[in-house]
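Here are my notes on this structure, as numbered points. Please read them with the model open.

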2 protein chains.
Amino acid sequence: MEQKITEGIADFVAKTNYDRLPKGAISAAKGCILDCLGVALLGSREEASRITIEYGRKTGGSLEATVWTGGIRLPASQAVIINGTMSHVLDYDDYSTSWLAHPTVAIFPAALAMAEKHRRPGSECLLAYVLGVEVGGKLSAAFGNTHYLVGWHNTGTLGSIGATTASAKILNLDVKKIQLALGIGASLANGLRQNFGSMTKSLHAGCANRNGIVAAELAEAGFTADENIIEAPLGFSKVLAGGKEQPLGEIPGSLGNPFDIISPGITIKPYPSCGGTHPMIYAMLKMRKEHNISPSDVAEIECRTNSALPNILIHHHPHHALEGKFSMEFCLAAALADGKVGMEQFTDESINRPEIQNLIPRAKFTHPADFDKEILSPQEVVVRLKDGREFSRKVPFAEVPGSPQNPISWEEQSDKFRDCTQGIIPAKKIDEIVELVLHFDELREVNELTELLA
Amino acid sequence: MEQKITEGIADFVAKTNYDRLPKGAISAAKGCILDCLGVALLGSREEASRITIEYGRKTGGSLEATVWTGGIRLPASQAVIINGTMSHVLDYDDYSTSWLAHPTVAIFPAALAMAEKHRRPGSECLLAYVLGVEVGGKLSAAFGNTHYLVGWHNTGTLGSIGATTASAKILNLDVKKIQLALGIGASLANGLRQNFGSMTKSLHAGCANRNGIVAAELAEAGFTADENIIEAPLGFSKVLAGGKEQPLGEIPGSLGNPFDIISPGITIKPYPSCGGTHPMIYAMLKMRKEHNISPSDVAEIECRTNSALPNILIHHHPHHALEGKFSMEFCLAAALADGKVGMEQFTDESINRPEIQNLIPRAKFTHPADFDKEILSPQEVVVRLKDGREFSRKVPFAEVPGSPQNPISWEEQSDKFRDCTQGIIPAKKIDEIVELVLHFDELREVNELTELLA
């Protein structure tokens, strides 16, 4: 391939400074940052977080970056395994339709840890994060989800590329060294979708951050790699597509035109489950309220989606909390039984309630032709009652609250943050963090924020 | 898939004790261990090693495992990134035809570091290493090189599985936890072949060891993952084959029947370049001697191989030392010009000699039908002289000295170790290490060995 894709990306990353960022990118980034911190602090008490914090505590090392609420500092590359994992463990963090994955948890912990290590200002950290989202998003858009469909968890794989980009930007690497960093970062990329529904899914986010920092720091120190890793014959885009050539030509010109964080933008989640469940959860909650549906009246629930979805929401008979997050059947059962799908629905006890386990087998996937065009096609729920009545509602992703087309306000963002962090950190700190993130781009050093997260 | 492949593997690993190992496996393992240590110490002075040692020194951490000749101890998972990288950086380490890759550098550093951390005897470390080779080898044999052909560097990917197996064995995990460790390790697996000819290739070996330790230690601590990661619908075997189902059914029964380290066995390298260059280097050295060929007389060199090889030996116009290791054209030019292919051939200066750069364009690949059956088909070199004379020699992999069919003696192994380590560590230590490895299975604690490597 003659086109210089990796070089074009590196050139854009090296040359883009904070002044280039549109206001919309800055405000969107602040929302994503607050959201990431909120779900991370809530996630910090989960078993996966406890295990990784303890692992970090035992191995130790230079005090470069804060483990959020962990009471320890570690080498940046180690701290972010934990911060990334706890950000993603609840699957309550933001997602991107271009990435088909979770950009913020894969990138922001790396950007913040590197900025903390080098005492950089908030604006540089925000820029590094936006550029990481940008590069991963434009690659994914060009790939057209091929990687995801082969079985890769884009949060881990594209996340490694995004975190490499962000870490390289904090280090202010030149074009050539950014190319080498991408060459290393692509080789470190990892994450199998088969681990959806287990703790390892969130570890993918942790590792993406770690991979990015290691790649950027090794490139800075003179480590070598292929300079054209995105487009090369055995490079990132083709190998992770199972050997199929990917159309990459539009990538360099698309960078920043517009920024991925503005369009298609990033969705803030209203429910702590896989984003693929959200349109149907929303549809079910609406119908339940409008028609006063009672679980015991329901004969059948039809889930009209594309045929790829049952292979993403792989847990059709869930019995554990993390499995429930990847179970359309459970999410609809919970929505129907409880009238809400929040943190309290995703416990082992909640999933194993007889009324829920009784509802789960009544939900069936179907894939009418007009639903099967795209992985992000609208979803429709049809509820058939025992008395013969039938209700249905069709919802596109954009209609779910928190999507870029239906965004939530800073006030609502702050409310989610407060909900997440109440009882985890003192009320005073909660207010201070909200305020610091609102003015994140004015921070002289991000360390003002990381001190509050210690 | 109904077959329980991952469980069968875990069961074999959990139940196999040292007494089960045939004598041939033990002696082969000692040879591989000595070879790995020799090329690692020689590699410890390379730039890639210097960079990773410095990286480890800066990040630091618990003093669990020795960085070989690095003067530091680090968390086991960090030390092995460095030990694995320096073991592989010269591409002078052993390789396996079942793995199509480098098993020892991906597994032994992890087995040794974990045994050092937990002060385990040599016999347990040797067993863990043999089991790591076994699991990776049987998987690769079943996959039939699909992963490699898609573009994965099996040293990194299968290496992560092998190092997970070895680390889990040192921790004495039960069947269920070995399954979970494999689930984590498979998700961490990484390494793109595109980085052949750069430092990142050797980092793949380092990361495989690191991935294995992290996976086993997290599984021990209660981290969860998919329990059937090898055979699951989006599992390791299929996703890395680009989405193609792989035949796995014979794997459980093949484990230990015979051990992969005995058959097909592991090849000790006589030349510090990609194993794919070895039959032709051997052929060229033989012909040069027999027919007294002078480089200036040569009009053309025809390299008869399978058509996959030019995409493995990707550097057709090399100018750097590491590129030369993946250049058939350079290896044959060096064999012809110097009558040997040793460490002194692989320097930037050596590659850029006018007589070498002059010979390189005269070497051409051809792929006659009978050479194109398998990736490990015999190779033939045809040398055409300006005076019209023509010589040729066809060599199968098994004919190259150091192969399991043409093994070198312990004496010759010791000679290679001495060649590698002379001037790197004191002569007395060299003798002591050779002696300790010869009696490795009798060591009460592997720490007797690692103290000598400090």
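This is a predicted model: local features need pLDDT of at least 70, side-chain atom pairs count only at pLDDT 80 or more; totals for chains, interfaces and linings use all residues.

1. First, a cut-off that point 3 relies on.

2. Start with a helix pair in chain B. Helix H14 covers residues 278-291 of chain B, and helix H16 covers residues 328-338 of chain B. They pack at an angle of about 25°. Their axes lie 9 Å apart.

3. How are H14(B) and H16(B) oriented to each other? The angle is about 25°, and the limit is under 35 degrees, so H14(B) and H16(B) are roughly parallel. Their crossing is right-handed.

4. Which residues make this contact? H14(B) supplies B:Met280, B:Ile281, B:Met284, B:Leu285 and B:Arg288. H16(B) supplies B:Met328, B:Cys331, B:Leu332, B:Ala335, B:Leu336, B:Ala337 and B:Asp338. By class, the contact of H14(B) with H16(B) has 10 nonpolar residues, two charged and no polar ones.

5. Now chain A. It holds 21 helices and eight strands. The C-alpha trace of chain A spans about 70 × 55 × 40 Å along its principal axes.

6. Why does the radius of gyration of chain A agree with that of a compact globule? A compact globule with 454 residues would have a value near 22 Å, and chain A has 21 Å, so the two agree.

7. Of its 454 residues, 65% count as buried. Take the contacts in chain A with a separation of 6 or more: 77% of them join residues 24 or more positions apart.

Definitions and conventions
Residues are numbered from 1 along each chain as its sequence is written. Chains are lettered from A and ligands numbered from 1 in the order in which they are written. Side-chain values use heavy atoms; hydrogens and water are left out. Axes are lines fitted to C-alpha atoms, for helices over the stretch in contact, and angles run from 0 to 180 degrees between N-to-C directions. Helices (H or I, at least four residues) and strands (E, at least two) are DSSP runs, numbered from the N terminus. Angles under 35 degrees count as roughly parallel, over 145 as roughly antiparallel, 65 to 115 as roughly perpendicular and the rest as oblique. A crossing is left-handed if the near helix is turned anticlockwise from the far one by less than a right angle, and right-handed if clockwise. Contact means heavy atoms within 4.5 Å. Ala, Val, Leu, Ile, Met, Phe, Trp, Tyr, Cys and Pro count as nonpolar, Asp, Glu, Lys and Arg as charged, and the others, Gly among them, as polar. The radius of gyration is taken over C-alpha atoms; the globule rule is 2.2 Å times the number of residues to the power 0.38. Buried means under 20% relative accessible area, exposed over 50%, partly exposed in between (1.4 Å probe, protein chains only).
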